[in-house]
Amino acid sequence: LHDRGSGPLCGDLLAGAGATVVKVESATRPDGARRGPAAFFDLLNWRKRSVALNLQSDEGIRLLRALVRRADVIIEASRPRALAQFAIGARDVVRDGGPQVWISITGHGRTGAAANRVAFGDDAAVAGGLVVWAAETPLFCADAVADPVTGLTAANACLSALAGGGRWLLDVSMAGVCAGLAGPTLPASPDVTVADPTARVAERSAPELGADTDQVLAEMGLKG
């Protein structure tokens with residue numbers, strides 16, 4: 001279950017590390033990134049399989065719950081109440097023998113007064129203090145930087161948890177990740193040459209919405 005930034009990146013990185021990653025979307029409200037630049041969507045999703053469920057039906061919700069319980073790792077980037085409407089609680093599922101690792105990416109953490117606040121890449125970075133300073137003025141240090149650094153952090157934490165064994169609910173807060181990276185601004189030096197960034201491109205298009213639904217459900221013993 002993915003958002004449009006940190007969650008998809010985390011999933012893509014795990015796919016690159018050898019995991020079989022299944023992107024689960026609502027058939028009626030699919031990932032909004034599908035309506036954006038195709039090259040960007042393909043880059044983050046070409047290595048994943050696509051499952052679409054009708055989450056307005058009892059059967060679709062049943063299948064979602066079953067998929068969650070059968071997965072080894074769950075990546076979800078939503079406020080805690082989002083899955084609660086389907087009677088899915090991350091802590092309960094992990095405790096009862098569900099996924100070995102549940103990665104919960106939120107803007108401000110799963111608990112506390114800010115748990116249900118919406119966050120985006122820029123405001124989450126500012127909330128965590130990850131800014132640069134020009135004299136006395138704070139400025140964004142990069143465009144929506146909280147998204148990629150949170151995706152990287154979540155993927156690394158997941159691999160460490162899998163290697164260490166046990167069962168884990170990883171509470172990965174975008175603002176918290178940025179707070180951990182914040183520090184004094186280094187002075188700029190005219191003698192430093194910054195290399196041009198290199199682009200990474202998808203090897204093929206991302207699957208169409210629901211392209212792998214029947215096959216994935218059959219493989220997991222949920223259909224036919």
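Predicted model: local features only at pLDDT ≥ 70, side-chain atom pairs only at ≥ 80, totals over all residues.
Residues are numbered from 1 along each chain as its sequence is written, and side-chain values use heavy atoms, with hydrogens and water left out.

**Overall form**
- The protein chain has nine helices and seven strands, taken as DSSP runs (helices H or I, at least four residues; strands E, at least two) and numbered from the N terminus.
- Along the principal axes, the C-alpha atoms fill a box of roughly 65 × 40 × 35 Å.
- Among contacts (heavy atoms within 4.5 Å) between residues at least 6 apart in sequence, 78% join residues at least 24 apart.

**Burial**
- Of the 224 residues in the protein chain, 42% are buried, where buried means under 20% relative accessible area with a 1.4 Å probe, protein chains only.

**Nonpolar cores**
- A nonpolar core is a set of buried Ala, Val, Leu, Ile, Met, Phe, Trp, Tyr and Cys residues joined through side-chain atoms within 4.5 Å; the largest has 23 residues, of which Cys 10, Leu 14, Ile 103, Ile 105 and Val 172 touch the most other members.
- Elements that give two or more residues to this core include helix H1 (6-16), strand E4 (101-106) and helix H7 (146-164), and H7 gives the most, with six residues.
- Leaving aside neighbours within four places in sequence, Cys 10 is in contact with Ile 75, Ile 103, Gly 151, Ala 154 and Ala 155.
- A second, separate core of 22 residues includes Val 51, Leu 55, Ala 66 and Val 216.

Methods
Buried < 20%, exposed > 50% of the residue type's maximum accessible area, 1.4 Å probe, protein only.
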